[in-house]
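Dear colleague,

I am passing on a structure that may be new to you. Please look through it first, and then read the notes below alongside it.

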Amino acid sequence: MTEYIFLDDIKDEVLKCTQNDVDEGNNYIARMAFRLGVSAADIVVPTPIIIKRMGVIYACYNRALNTVGTDPTVTIDGSRSEDIYNIKRKTYLDELRRLENEVTVEDFTGRRKAGGGAINLLRT
């Protein structure tokens, strides 16, 4: 498997991401590239920052998703009732969706598509 992100890339102080989460992030990058018609060989090395960010976000989302329900600081008496891992899961999912809508083939390859549109202007 190609590695686009590494455990050292993850800076979340609450989540305890593992190599498995990093592997999931790398798989996610490969799936996104495939979805956009980009082969693994065409992904720029070093990995472009937006692609790396997407992989890190997915790794953190994966860890948060797998950790929901284990927050020992949640209390029933109302002082703190929401699981921190669920909050992080939602936050990472929102950011992941934003990046998915923003990322392009060019972000993976570093190359702009040849050609482009032309605008014909007509003077009257």
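Directly after helix H2 comes Gly69, whose phi is positive, near 95°; helices here are DSSP runs of H or I with at least four residues, strands are runs of E with at least two, and both are numbered from the N terminus. This is a predicted model, in which local features need pLDDT of at least 70 and side-chain atom pairs count only at pLDDT 80 or more, while totals for chains, interfaces and linings use all residues. Residues are numbered from 1 along each chain as its sequence is written, and side-chain values use heavy atoms, with hydrogens and water left out.

Of the 19 residues of H2, 14 are buried (under 20% relative accessible area, with exposed meaning over 50% and partly exposed in between, for a 1.4 Å probe and protein chains only), so H2 is largely enclosed by the rest of the structure.

In H1, the buried residues are Asp21, Val22, Gly25, Asn26, Tyr28, Ile29, Met32 and Ala33. Seen down the axis of H1, they fall within an arc of 155° (taken from the directions from the helix axis to the C-beta atoms), so they line one face of the helix. Phe34 and Arg35, on the other side of H1, are exposed, and just after H1, Gly37 has a positive phi of about 80°.

Leaving aside neighbours within four places in sequence, Met54 is in contact (heavy atoms within 4.5 Å) with Tyr28, Met32, Leu96, Leu99, Glu100, Val103 and Phe108.

Best regards
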